[in-house]
Amino acid sequence: QPQLVESGGGLVQPGGSLRLSCETSGFSLNYYAIGWFRQAPGKEREGVSCISSGGRIGYTDSVKGRFTISRDTAWNTVFLQMNSLKPEDTAVYYCAATPKSGFTIGSLLQDWVYEYWGQGTQVTVSS
C-alpha cells in the first residue's frame, strides 16, 4: 500500500524559507506523479506544485519563482523548497500520489487526480 509522510513544516517569518519533504514508500517515483497541495482554514484545497513520473514540473501561479519542487528517486522522497514565504502561504500542506499517467500539468494540479495522500504538515508564516 503506497504511503506518504510529509515533514518540514513550522513557523517562519515573512520572507523566510522552509523545505518540505514527502517521504514515500510502497511505490516508485519513476511510475507515480506527486502533487503538493495546501489548505488554509475556511478555504478549498489548492494545488501548489506537481511532478510527473517523467519529471515534468508545474506550479500554481501564486508560487512561481518562489517554490521549487524536486525529487530524489533513490530515496523515494519529493521536496518542496519554499522561499520568500508570505502570510498567505499559511496552510496545511499535503503531498499526494497517483500511478495514472497521461495527465497534463494543469490536471496534475487538481486533487481529483490523486489516489494516495499524506497526513499533512502545518506551515505558518507570521511575524
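In the predicted model, Phe37 is buried, with a relative accessible area of 1%. The structure holds five aromatic pairs. In one of these, the rings of Phe37 and Tyr114 have centres 5.3 Å apart and planes at 80 degrees, so the arrangement is edge-to-face. Phe37 belongs to strand β4, whereas Tyr114 lies in the loop between α1 (105–108) and β10 (116–117); the pair therefore ties together parts that are 77 residues apart in sequence. Tyr114 also counts as buried, at 6% relative accessibility. A further edge-to-face pair is formed by Tyr114 and Trp117, with ring centres 6.3 Å apart and planes at 75 degrees. Elsewhere, Arg19 is placed over the face of Phe79, at 4.2 Å from the ring centre.

In soluble globular proteins, nonpolar side chains tend to be buried together. The largest nonpolar core comprises 27 residues, and those with the most contacts inside it are Ile34, Trp36, Phe67, Val78, Leu80, Met82 and Tyr93. Two or more residues are given to this core by each of β3 (18–25), β4 (33–39), β5 (46–51), β7 (67–72), β8 (77–82), β9 (91–98) and β11 (121–125). Strand β9 supplies the largest share, four residues. Beyond four places away in sequence, Tyr93 touches residues including Leu20, Trp36, Phe37, Val48, Phe67, Leu80, Met82 and Val123. A second, separate core of nine residues includes Phe37, Cys50, Leu109 and Val113.

Methods
Residues numbered from 1 in each chain as written. Predicted model: local features only at pLDDT ≥ 70, side-chain atom pairs only at ≥ 80, totals over all residues. Heavy atoms only, no water. Core = buried A, V, L, I, M, F, W, Y, C linked by side-chain atoms within 4.5 Å. Buried < 20%, exposed > 50% of the residue type's maximum accessible area, 1.4 Å probe, protein only. Contact = heavy atoms within 4.5 Å. Phe/Tyr/Trp six-rings, centres within 6.5 Å; stacked < 30°, edge-to-face > 60°. Lys NZ or Arg CZ within 6 Å of the ring centre and 35° of its normal.
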